[in-house]
Amino acid sequence: MKKRKTLLALSIVLGLTGICTACGDKETVEESSTTIIAVEEDDNGASIETTTVLTKDQLYYKCLNTLEALQQLSGSVWIRNGINSDTITQGAFAFDFTADQYQAEVNYLDAAEETVCLQTNTYYNTGGIVTSLYDYYGAKENTYTVDENGATLDGVTFANAAIAADASVQSIGESNLYATLGQDPTNAHELAGCFVPQEMTLGYLENFENWEITGTTEVQGRTCAIVTGTAEPDYGSRFGVTTFEILVDQETGIWMQYEGYNEAGEVVDYIYTQDIQFGEEAAAVEAVSDAVTQGYTFEENAASIVAE
């Protein structure tokens, strides 16, 4: 399987404004060596470097239960769902569910000309009230909606809350294992392959015989498990993917990078992230104001439709 570590040198900052046209170039970087993530002392006080790698059970479970990391999280992401996709999804997000608020901007770029943005959706959530702005770039009138029933993290049961760190998937049980499945509390579902990768986890990792954890590497200051494998034909064929590599944050299960390869070893499907920050290091959420809706027409029950 041809492997290639690729990160993006984006000219985008997490200001969540003006990021549509600053598309940047992809930059290939060399794979780093296995990361030492713990230093222990022996009985004589000498330092012993140790490397911690998740088991398959632990990694699979974490990938299905990433929502806990959304309490405070920010970053940027580029996603392409198969080489036949007409668009590339690019966006930035800042979540702070400790205060029941988030902001996200999602751009749909022309896959044939990545500097051309077809549509931008911007979402603001404050206390479960979601203001959504739809900018169609001349294709139609720009609109916005207000939904007073926006999701929050309240009521989401985290399956790993009462599970020991070394518990196996087989010992957990279906009801707990999938407790958070499908419960993405953000409106930025188009970006969720990074921070809620549940569908792809089930598609690529459910069959443990198809993949291996080959080591760890550092991505954006985070220790990530390197996962390589072969796609199940009925799932991978949807995207033209036969083999894949995923860099999974070992602490949270968030996919820091993913590449799907065709039979020739070419990248045809991907998730690239930049500036992922957790906890108090996450970017501040911009509050919604009347100013952000200026130039947009209020519309009830407006659907987000990618401009053609």
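User: Where does Gln-220 lie?

Analyst: This is a predicted model, in which local features need pLDDT of at least 70, side-chain atom pairs count only at pLDDT 80 or more, and totals for chains, interfaces and linings use all residues. Residues are numbered from 1 along each chain as its sequence is written, and side-chain values use heavy atoms, with hydrogens and water left out. Helices (H or I, at least four residues) and strands (E, at least two) are DSSP runs, numbered from the N terminus. Gln-220 lies in the loop between strand 11 (211-219) and strand 12 (222-230). Although Gln-220 is not a glycine, its phi is positive, about 55 degrees.

User: Is Gln-220 buried, exposed or partly exposed?

Analyst: Buried means under 20% relative accessible area, exposed over 50%, and partly exposed in between (1.4 Å probe, protein chains only). Gln-220 has 30% relative accessibility, so this residue counts as partly exposed.

User: What is the phi of Asp-275, and which strand holds this residue?

Analyst: Asp-275 has a positive phi of about 55 degrees and is not a glycine. Asp-275 is found in strand 15 (residues 267-278). With a relative accessible area of 34%, Asp-275 is partly exposed.

User: Why is helix 1 described as largely enclosed?

Analyst: An α-helix has 3.6 residues a turn, so residues three or four places apart point the same way. In helix 1 (residues 56-64), eight of the nine residues are buried, so the helix is largely enclosed by the rest of the structure. Among the buried residues are Lys-56, Asp-57, Tyr-60 and Leu-64.
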